[in-house]
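Have a look at the structure below before reading on. This short report walks you through it.

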Amino acid sequence: MCSNSAARVKLSTPATVWNTCSRRSDMIRVYVATGFFHHDMILVCRPQRTTCSAPGSLYCSQITEIKGMRASQFHISTTKETPNDAEIVSHQLMLRAGFIRRLGSGLYSWMPMGLRVLRKVEAIVREEMNRAGALEVLMPAIQPAELWQESGRWEKFGPELLRLHDRHNREYCVGPTHEEVITDIARREIKSYRQLPLNFYQIQTKFRDEVRPRFGVMRSREFIMKDGYSFNLGEASLQESFDQMHVAYCNMFDRMGLEYRAVEADSGSIGGAMSREFHVLADSGEDAVVYSTEGGYAANMEKAAAISQGTRGDANEAMRTVETPGVHTIAELAVQLQVDESRCLKTLLVQGVDTPVVALVLRGDHQLNEVKAEHLPEIASPLTMADADAIKAAANCDAGSIGPVGLSIPIIADADAAKLSDFVCGANENDRHLAGVNWGRDLPEPEVRDLRNVVEGDPSPVGSGTLKIVRGIEVGHIFQLGDTYSQSMGATVLDENGKPQTMMMGCYGVGISRTAAAAIEQNNDDKGIIWPMAIAPFEAVICPINMVKSDAVKAAAEALYAELQAAGIDVLFDDRPLRPGAMFTDMELIGIPHRFVVSDKLLANDEIEYRNRRAPESEVIARADVLARIV
RNA sequence: CGGGGUAUAGCGCAGCCUGGUAGCGCAUCUGCUUUGGGAGCAGAGGGUCGUAGGUUCGAAUCCUGCUACCCCGACCA
């Protein structure tokens with residue numbers, strides 16, 4: 001955090017030097033409050049030149065920027081009222097606390113207070129990446145179209161890719177991700193297996209032209225991402241890099257004090273490859289995270305395997321047609337026929353590969369998992385529901401009355417749907433359903449697959465425990481790309497036999513700006529944000545009571561400020577001439593973890609009031625115990 | 001892309017229906033008082049009412065086009 005350099009520092013007035021301390025060999029440390037620099041720092045100076053109490057010029061051999069800031073020299077802009085377009089609490093609080101300002105749809109400026117948080121998140125991510133042996137690079141945000149045409153993504157990516165032309169009418173895009181660029185670098189730079197494995201990463205602004213940006217920086221169009229890419233020879237090496245990143249990611253989110261889960265994720269079109277998403281748990285999260293009460297299993301909803309229990313019951317009823325006028329949904333059906341939704345089947349028609357439509361059959365109380373369905377070879381990708389005409393052609397009825405009986409199209413049933421006996425389903429005739437239906441008797445045994453979303457209480461796929469479902473915010477994603485890009489772009493190295501081998505790649509992302517927002521979603525109360533220490537804009541704040549009138553309070557607050565700074569605490573000294581209530585409210589909204597109050601009343605007993613942002617009450621402590629409260 | 005909504009001072013809103021000198025709260029500035037939970041009083045500044053056109057003696061208000069933004073859905077991850 002320290003920047004060291006030699007510089008000549010102008011001290012505009014003697015008053016700006018308000019304290020000197022700690023003579024250390026031939027150096028003197030001088031605290032300067034203002035002047036040439038915008039904020040406080042320690043100047044380490046040659047003693048013969050440190051005429052600190054007089055205005056003038058001071059030669060400093062070394063300038064060590066120290067943490068801390070005076071509120072009067074910072075920019076604090078809080079509001080009482082919530083902007084009406086902010087929906088979720090992190091967005092509201094970030095605006096109210098003056099962390100971010102909106103420029104346009106999905107575009108945000110980071111104000112000084114917010115940028116402090118962003119930089120701290122970034123620093124932790126950078127440190128953990130470095131510690132894991134990754135090497136930082138910085139690639140252009142603008143990328144030539146040729147690279148994307150080479151990988152095939154220029155056509156595939158769609159409107160989310162912001163494309164533009166330069167003055168020569170050459171095509172470019174604003175990078176939503178950097179696989180192409182990094183692969184291009186790798187194929188030029190990496191020639192020998194001896195150079196592997198290598199892991200490059202960058203922390204950089206990305207742009208994705210989201211259809212509907214929302215929730216402030218949680219889902220913005222321009223955002224800051226850490227994206228890393230490993231290059232490996234062989235799958236074992238890739239797995240090793242992947243595992244290292246898994247550890248690094250756990251370290252990052254642990255250090256940030258976030259409650260998160262690493263979950264198995266669907267890896268999309270790259271079949272079988274390993275993929276882990278890191279979710280910060282919060283009720284407002286856009287994703288469903290599934291985890292097992294025992295055995296450590298965790299997956300996202302798309303991926304979580306549904307385990308079917310029990311066996312099919314005997315067929316006791318005869319199949320019969322029932323009149324169900326006006327019934328279009330499972331819920332209406334269950335009410336009208338007085339049966340449980342779990343005794344009903346719902347049949348969905350989707351576009352197939354070999355046939356125009358395929359029927360997917362689920363239990364009435366279960367939801368189709370579109371990702372699982374999409375992966376089935378019989379089903380067209382992307383998953384497309386059949387339109388009204390196609391339904392009419394295949395089932396001779398409207399969408400609310402389809403059933404598997406008598407259909408001459410492929411039928412795929414979810415495992416739980418296949419275990420029903422004496423069930424209710426659509427009759428392929430409007431306003432009619434069938435009851436007492438049984439597989440194998442009234443219609444052929446179906447193809448059985450896992451088609452559904454898991455539900456709370458399902459048995460865990462790992463054998464012990466049951467599944468729970470919570471909401472999560474995806475802040476990180478690591479996955480094994482394999483040779484997808486290195487193959488299409490020809491990134492090879494020579495192996496020990498002198499033969500070219502296509503490199504294996506891994507891809508590792510962290511949403512930096514989203515992580516900051518996610519931390520707020522997880523840590524707030526009715527007063528504002530409660531920052532985890534590691535990413536708080538300031539670690540502590542000093543609130544002097546009525547400092548304008550009391551020299552004693554001013555002196556004590558200044559001394560405390562110096563002491564905390566000297567201890568390396570990132571402290572905010574709220575020296576604004578505010579009434580206590582306004583000051584407290586601001587600091588609680590901003591969410592600074594530790595608060596120290598200095599007042600005449602307390603000073604009389606050599607005491608300080610301390611309050612942890614999470615604590616229900618403040619407490620009075622001895623002046624000497626201040627540091628112990630923070631570290 | 002479909003549906004709904006909004007656009008008036010930095011922020012939050014009223015005024016529009018029923019056309020007639022643009023208002024309130026917060027914030028800002030000045031002064032005095034106040035100082036342990038978003039202070040009080042007095043005063044001040046700040047808006048070509050999103051934009052272009054139309055109707056009218058007269059438009060924030062009625063009509064039309066456009067633009068921007070928000071919400072729901074679809075899409076994406």
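What follows covers the surroundings of the RNA and then some salt bridges.

## Around the RNA

Keep in mind that this is a predicted model. RNA strand B has 35 residues around it, and the closest are Glu160, Arg579, Glu588, Ser599 and Glu609. Sorted by class, that surface has 19 charged, eight polar and eight nonpolar residues. Helix H13 (580-590) gives at least two residues to it, and so do strands E34 (594-598) and E35 (607-612). H13 has the largest share, with seven residues.

## Touching the bases

If you pick the atoms of RNA strand B within 4 Å of the protein, 45% belong to sugar or phosphate and the rest to bases. Some side chains come up to those bases. Arg579 has a polar side-chain atom 2.6 Å from a base oxygen, and an N or O atom in the side chain of Ser599 is also 2.6 Å from a base oxygen.

## Salt bridges

The count of salt bridges comes to 40. Arg153 pairs with Glu180, with their closest N and O atoms 2.7 Å apart. This pair links helix H4 (residues 153-156) to helix H5 (residues 179-189), across 27 residues. Are the two partners buried or exposed? Arg153 counts as buried at 12% relative accessibility, and Glu180 is buried at 0%.

Arg320 and Glu317 form a salt bridge too, at 3.1 Å. Here Arg320 is partly exposed at 41%, and Glu317 is partly exposed at 33%. There's also a network of salt bridges linking Arg119, Glu122, Arg126 and Glu136.

Conventions. Residues are numbered from 1 along each chain as its sequence is written. Chains are lettered from A and ligands numbered from 1 in the order in which they are written. This is a predicted model: local features need pLDDT of at least 70, side-chain atom pairs count only at pLDDT 80 or more; totals for chains, interfaces and linings use all residues. Side-chain values use heavy atoms; hydrogens and water are left out. A residue is near a molecule or strand if one of its heavy atoms lies within 4 Å of it. A polar contact is a pair of N or O atoms within 3.5 Å; within protein, one must be able to donate a hydrogen and the other to accept it, and residues adjacent in sequence count only if both atoms are side-chain atoms. Helices (H or I, at least four residues) and strands (E, at least two) are DSSP runs, numbered from the N terminus. Ala, Val, Leu, Ile, Met, Phe, Trp, Tyr, Cys and Pro count as nonpolar, Asp, Glu, Lys and Arg as charged, and the others, Gly among them, as polar. A salt bridge is a side-chain nitrogen of Lys or Arg within 4 Å of a carboxyl oxygen of Asp or Glu. Buried means under 20% relative accessible area, exposed over 50%, partly exposed in between (1.4 Å probe, protein chains only).
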